[in-house]
Amino acid sequence: MTLVQHFEDRFGHAPLGVWAAPGRVNVIGEHTDYNDGFVLPFAIDRATQVAASVREDSTVRVSSTFSSSGEVIISDLDELAAGDVEGWAAYPVGVLWALRQAGHSIRGMDLLIDSQVPVGAGLSSSAAIECAVAVAANELFGLGLNGSELALIGQRAENEMVGAPTGLMDQSASLLGKVGHAVFLDCRTQDAELVPLPLQENGLALLVIDTRVSHSHATGGYASRRRACEVGADVMGVPALRDLSEEDLEEASGLLDEETFRRVRHVVTENARVQATVELLRSEGPRAIAPLLDASHVSMRDDFEISCAELDLAVESSREAGALGSRMTGGGFGGSAIALVQLEDLDRVGSAVTAAFAAAGFTEPAIFAVSPADGAARVS
């Protein structure tokens with residue numbers, strides 16, 4: 001059954017169209033986004049689709065193909081406040097609420113969501129939902145918003161309706177991505193630039209190793225890491241950690257407690273790694289970035305402390321099997337690692353990682369290659 005047929009079955013009428021938005025992989029730049037820093041994600045060739053129609057009232061009805069019961073969750077935009085919607089429905093409903101909060105005149109919608117982006121894998125399945133709904137609403141209500149403006153709407157939905165203090169990276173990648181390119185995003189200015197990422201042309205692939213250790217940005221250690229960064233910036237007398245350079249770290253080590261200093265050091269050095277990666281992609285190509293991927297993982301493991309045993313094993317076993325570089329990607333505390341692998345080594349690396357997980361008694365990981373894809377758009 002097609003998504004349109006599912007929609008007709010759930011809501012009793014045809015949708016006005018189907019829109020899709022991809023998940024994302026972050027090449028490098030973790031926990032730099034909310035510190036006004038730099039990130040380098042790309043949209044992946046796995047997407048979320050939403051079939052949508054417009055209502056004459058303020059009611060939002062949302063359902064999904066991954067709900068076996070066919071449940072339809074109903075909200076009223078006229079009565080919604082931040083935090084009123086719980087669970088996965090907070091993402092699509094939150095986008096419509098955020099559009100209202102931004103002053104846009106929109107009515108209710110019927111929405112049916114289907115996703116091929118793994119949930120909890122650090123590939124931003126939540127932003128894919130937000131962005132698919134955002135581009136649908138933007139077109140159906142004639143709002144005329146560009147990708148950067150829609151990214152801010154998605155971020156507001158996630159921050160205020162979902163309650164996850166995330167930055168702008170995920171939505172920007174999902175909306176602004178282009179085949180064969182990564183998105184170099186300055187999270188302070190919101191300037192985005194496409195950077196060539198010709199993997200296949202260089203005999204390479206990016207392998208995603210989904211550890212199947214689920215994580216949640218709204219819980220765990222994400223908020224505490226963000227608070228540590230804010231404390232570090234305040235003590236150092238700067239608006240955000242973006243304003244510190246590696247030369248400032250010696251001074252910071254004398255002013256901050258040991259844990260806060262390590263959090264700050266990760267962000268400062270990670271920002272430098274993002275900029276170095278962009279320069280290498282422009283000058284030498286993707287093979288040259290492998291050592292920066294390795295260094296990023298060490299920083300996240302030891303300084304920011306957001307890795308876990310499964311992520312560390314994914315990185316170590318992929319490198320031992322021939323990956324050029326490897327690191328965890330996403331918010332941490334689970335999710336996925338990425339490995340830069342020569343095409344002829346894909347099967348060998350994947351098999352080695354699977355065997356290492358089995359030997360350690362871990363759940364078998366999901367392993368698949370991803371390619372830079374186009375951003376959110378109407379598909380039918």
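**Discussion of the model**

Analyst: At 40% relative accessibility, Val235 counts as partly exposed, where buried means under 20% relative accessible area, exposed over 50% and partly exposed in between (1.4 Å probe, protein chains only). This is a predicted model, in which local features need pLDDT of at least 70 and side-chain atom pairs count only at pLDDT 80 or more, while totals for chains, interfaces and linings use all residues. Residues are numbered from 1 along each chain as its sequence is written, and side-chain values use heavy atoms, with hydrogens and water left out.

User: Where is Val235 found?
Analyst: Val235 belongs to helix H6, residues 222–236. Helices (H or I, at least four residues) and strands (E, at least two) are DSSP runs, numbered from the N terminus.

User: Which residues make the nonpolar surface patch?
Analyst: Val231, Val235 and Leu255 make a nonpolar surface patch of about 240 Å².
Analyst: Patches are made of residues with over 30% relative accessible area and no salt bridge; like charges are joined within 9 Å, and nonpolar side chains (Val, Leu, Ile, Met, Phe, Trp, Tyr) within 5 Å. A salt bridge is a side-chain nitrogen of Lys or Arg within 4 Å of a carboxyl oxygen of Asp or Glu. Accessible areas come from the Shrake-Rupley method with a 1.4 Å probe, and for residues only the protein chains shown count as cover.

User: Changing topic: why is strand E5 largely enclosed?
Analyst: Six of the seven residues of E5 (residues 109–115) are buried, so this strand is largely enclosed by the rest of the structure.

User: How many bridges does E5 have with E2, and how many with E3?
Analyst: Strand E2 (residues 38–54) pairs with E5 in the antiparallel sense over seven bridges, and Gln49 has Asp114 of E5 as its bridge partner. Strand E3 (residues 59–64) runs parallel to E5, joined by four bridges, with Ser64 opposite Ile113 of E5. Two strands pair if DSSP finds at least two bridges between them.

User: And which residues have the most contacts inside the largest nonpolar core?
Analyst: Val50, Leu96, Leu99 and Leu111 do, in a core of 42 residues. Elements giving two or more residues to this core include E2, E3, E5 and helix H2 (90–101). A nonpolar core is a set of buried Ala, Val, Leu, Ile, Met, Phe, Trp, Tyr and Cys residues joined through side-chain atoms within 4.5 Å.

User: What is Leu99 in contact with?
Analyst: Leaving aside neighbours within four places in sequence, Leu99 is in contact with His104, Ile106, Ala137, Leu143, Leu145 and Ile153; contact means heavy atoms within 4.5 Å.

User: Why is H2 largely enclosed, and what covers its buried residues?
Analyst: Ten of the twelve residues of H2 are buried, so this helix is largely enclosed by the rest of the structure. The cover over its buried residues includes E3, E5 and strand E4 (73–76). Just after H2, Gly103 takes a positive phi of about 95°.

User: Is Thr277 buried or exposed?
Analyst: Thr277, found in helix H8 (residues 258–283), counts as buried at 0% relative accessibility. Leaving aside neighbours within four places in sequence, Thr277 is in contact with Ile28, Leu40, Ile289 and Leu292.
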